[in-house]
Amino acid sequence: MKKISTKKMTVLALFCALAVVLTLLFRVPLVPSVSFLTYDAKDVVIGMAGFLFGPISAMIVSAISSAIELLFRGGNIIDWLMNVLSSCAFACTAAVVYKRMHSKNGAFVGLCAGIAVQIVVMLLWNYIMDPIYFGMPREAVVTLLPAIALFNFLKGLINAGILLLVYKPVSNALHKSGALGKREEEEITGHKMAGAVGTFAILTLAIIILAVINVI
């Protein structure tokens with residue numbers, strides 16, 4: 001297994017710190033009818049990690065920054081899980097496409113795919129988890145789904161736009177500064193992606209089973 005380099009570890013640590021700062025200092029409601037959903041720009045940083053190093057690195061930044069956020073804001077494992085799933089649905093999807101289509105068009109297609117996947121994933125998980133987390137009737141959750149979809153669409157659109165603007169300048173600056181080498185980018189292997197997809201599938205199945213047992 002290829003060891004992570006010190007340079008890459010340093011950049012990922014900086015990305016984790018920046019993601020935490022952004023989510024703690026800058027939160028804006030996008031859809032007033034769903035007050036518990038607020039926008040922050042941490043997915044831009046997580047997406048940057050994905051574009052630079054690949055989807056596994058995006059997962060790492062998402063998991064660590066979301067865990068640190070809990071220390072400051074409070075919350076539980078469900079809060080952490082929902083944050084990680086939302087960020088990874090967007091950033092990891094975009095990173096996979098971009099690594100296979102390494103061009104401006106690939107970045108655009110990847111980000112569009114990331115927005116679509118994020119919307120679908122968060123609709124599913126809010127439908128499953130909100131009755132448990134908030135104690136809401138499932139019928140009430142269904143009425144919120146259009147607003148949740150709109151929120152994730154707007155959030156994804158903003159993040160994609162910012163990422164398209166800042167990725168190249170940041171990437172060039174990191175390479176010129178020597179923070180990244182030519183071979184720092186993470187390769188996407190079938191084993192890694194299969195493991196990631198398998199883990200997500202097992203986790204989703206486990207949560208669905210728990211939801212059925214406790215709610216229905």
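Leu-163 is in contact (heavy atoms within 4.5 Å) with Val-44, Gly-47, Met-48, Phe-51 and Leu-111, leaving aside its neighbours within four places in sequence. This is a predicted model: local features need pLDDT of at least 70, side-chain atom pairs count only at pLDDT 80 or more, and totals for chains, interfaces and linings use all residues. Residues are numbered from 1 along each chain as its sequence is written, and side-chain values use heavy atoms, with hydrogens and water left out.

## The chain and its core

The protein chain has 7 helices and 2 strands. Both kinds of element are DSSP runs, numbered from the N terminus: helices are H or I with at least four residues, strands are E with at least two. From the N terminus on, the order is α-β-β-α-α-α-α-α-α. The chain has 216 residues, and 43% of them count as buried. Buried means under 20% relative accessible area, exposed means over 50%, and partly exposed lies in between (1.4 Å probe, protein chains only). Take the contacts in the chain with a separation of 6 or more: residues 24 or more positions apart account for 74% of them.

A nonpolar core is a set of buried Ala, Val, Leu, Ile, Met, Phe, Trp, Tyr and Cys residues joined through side-chain atoms within 4.5 Å. The largest one here has 32 residues. Phe-15, Phe-51, Leu-52, Val-61, Leu-111, Leu-163 and Tyr-167 touch the most other members. Two or more residues come from each of helix H1 (6–25), helix H2 (42–53), helix H3 (55–73), H4, helix H5 (104–133) and helix H6 (138–177). H2 gives the largest share, 8 residues.

Leu-52 lies in helix H2. Its relative accessible area is 1%, so Leu-52 is buried. Leu-52 and Ala-95 are 43 residues apart in sequence, yet their C-alpha atoms are 8.4 Å apart in space.

## Two helices

The expected span of a helix is 1.5 Å times one less than its number of residues. H1 has 20 residues, so it should span 28 Å. Its end C-alpha atoms are 29 Å apart, which agrees. In H1, the residues Lys-8, Val-11, Leu-12, Phe-15, Cys-16, Ala-19, Val-20 and Thr-23 are buried. The buried residues of H1 pack against H2, H3 and H6.

Helix H4 covers residues 77–100, 24 residues in total. H4 reaches 33 Å from its first C-alpha to its last, close to the 34 Å expected. H4 is mostly covered, with 17 of its 24 residues buried. A kink of about 30° is centred on Cys-88. The bend at a residue is the angle between axes fitted to the seven residues ending there and the seven starting there.

What caps the N-terminal end of H4? Asn-76 does: one of its side-chain oxygens lies 2.9 Å from the backbone nitrogen of Ile-78. A polar contact is a pair of N or O atoms within 3.5 Å; within protein, one must be able to donate a hydrogen and the other to accept it, and residues adjacent in sequence count only if both atoms are side-chain atoms.

## Asn-152

Asn-152 lies in helix H6. With a relative accessible area of 3%, Asn-152 is buried. A polar atom of its side chain lies 2.8 Å from the backbone oxygen of Ile-148. Not counting residues up to four places away in sequence, Asn-152 touches Ser-86, Gln-118, Ile-119 and Met-122.

## Aromatic pairs

Rings of Phe, Tyr and Trp (its six-membered ring) pair if their centres lie within 6.5 Å; planes under 30 degrees apart count as stacked, over 60 as edge-to-face and the rest as tilted. The count comes to 5 aromatic pairs. Among them are these two.

| Pair | Centre to centre | Angle between planes | Type |
|---|---|---|---|
| Phe-26 and Tyr-39 | 6.3 Å | 90° | edge-to-face |
| Phe-51 and Tyr-167 | 5.3 Å | 85° | edge-to-face |

Phe-26 lies in the loop between H1 and strand S1 (28–29), and Tyr-39 in strand S2 (residues 38–39), so the pair ties together parts that are 13 residues apart in sequence. Is Phe-26 buried or partly exposed? At 40% relative accessibility, Phe-26 counts as partly exposed. Tyr-39 is buried, at 4%.

The other pair links distant parts of the chain: Phe-51 is in helix H2 and Tyr-167 in helix H6, 116 residues apart. Phe-51 is buried at 1% relative accessibility, and Tyr-167 is buried at 6%. Phe-51, Tyr-98 and Tyr-167 form one aromatic cluster.
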